[in-house]
Structure formats: C-alpha cells, structure tokens
Amino acid sequence: QVQLVESGGGLVQAGGSLRLSCAASGSPFSISSMGWYRQAPGKQRELVAFISRVGSTNYADSVKGRFTISRDDAKNTLYLQMNSLKPEDTAVYYCTAVGINVVWGQGTQVTVSS
C-alpha cells in the first residue's frame, strides 16, 4: 500500500512562489500517474495538475503557465512548483497517486494573501 505525505505549504503574498512536495512510500513502484488536486473552503476538490509515468502532463486552465508539476522517481517524490500565486489559489492541496488503487495524501494548506 502506497502512503503519501505532502509538505511545502504555507502563507505567501500574491505574486510569490511555493514548491509543494509529495513523498511516496510503501510500494511506490506500483504507481503509474500522480497528481495534485486542491479544495478551497466551500468548493469541490478540483484537479490542478497531473503527470504520467512517462512524463506527460496536464494542467487546469487556471494554473497553466504558472504551475509546473514534476516527479523524481529515484526519490519517489512528486513536486508542484507554484509561481505568480494569486489569492484564488488559496486551498488545501492534495497529492494523489494512481496504481493498483487511488491513494491520497493528507493535504497541505496554501494561503495567498493579497
């Protein structure tokens, strides 16, 4: 069973940057694709970005050109580089991994002040 632990969230001013990390343990070799979702207060969880085992990526329109997803399979870690942050990016960000099952991390809070 894969376990995911996110880190790197925090408080940042608008226009700033943060890098989220998601460390996978357990059976990371079973993971095919990985991604980031976010959930703002009172809203549904939404896809932010996804990356396949071979490195193809997919982004939400709202983050294209500002966020970059990447993975380091040697370190079993997924990243999300977030630049030019906006107050509307404020949310809890969740890492997810798709393999035998779909696994979620516990989430990390990102708060962008105006």
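## A buried salt-bridge pair

Arg 66 has a relative accessible area of 10% and is therefore buried, in what is a predicted model. The side chain of Arg 66 meets that of Asp 89 in a salt bridge, with an N to O distance of 2.8 Å. Because Arg 66 lies in the loop between strand 6 (57–59) and strand 7 (67–72), while Asp 89 lies in the loop between strand 8 and strand 9 (91–98), the pair ties together parts that are 23 residues apart in sequence. Asp 89 is also buried, at 0% relative accessibility.

## Other salt bridges

The count of salt bridges comes to 5. One of them links Asp 73 to Arg 71, whose closest N and O atoms are 3.0 Å apart; here Arg 71 counts as buried at 17% relative accessibility, whereas Asp 73, at 41%, counts as partly exposed. Salt bridges with shared partners also join Arg 38, Glu 46, Arg 66 and Asp 89 into one network.

Asp 61 and Lys 64 form a further salt bridge, in which the closest N and O atoms are 3.1 Å apart. Asp 61 counts as exposed, with 66% relative accessibility, and Lys 64 counts as partly exposed, with 49%.

## Strand pairing

Strand 3 (residues 18–25) runs antiparallel to strand 1 (residues 3–7), to which it is joined by 5 bridges, and Gln 3 stands opposite Ser 25 of strand 3. Strand 3 also pairs with strand 8 (residues 77–82) in the antiparallel sense, over 6 bridges, and in this pairing Ala 23 stands opposite Thr 77 of strand 8.

Technical notes
Residues are numbered from 1 along each chain as its sequence is written. This is a predicted model: local features need pLDDT of at least 70, side-chain atom pairs count only at pLDDT 80 or more; totals for chains, interfaces and linings use all residues. Side-chain values use heavy atoms; hydrogens and water are left out. Two strands pair if DSSP finds at least two bridges between them. Helices (H or I, at least four residues) and strands (E, at least two) are DSSP runs, numbered from the N terminus. A salt bridge is a side-chain nitrogen of Lys or Arg within 4 Å of a carboxyl oxygen of Asp or Glu. Buried means under 20% relative accessible area, exposed over 50%, partly exposed in between (1.4 Å probe, protein chains only).
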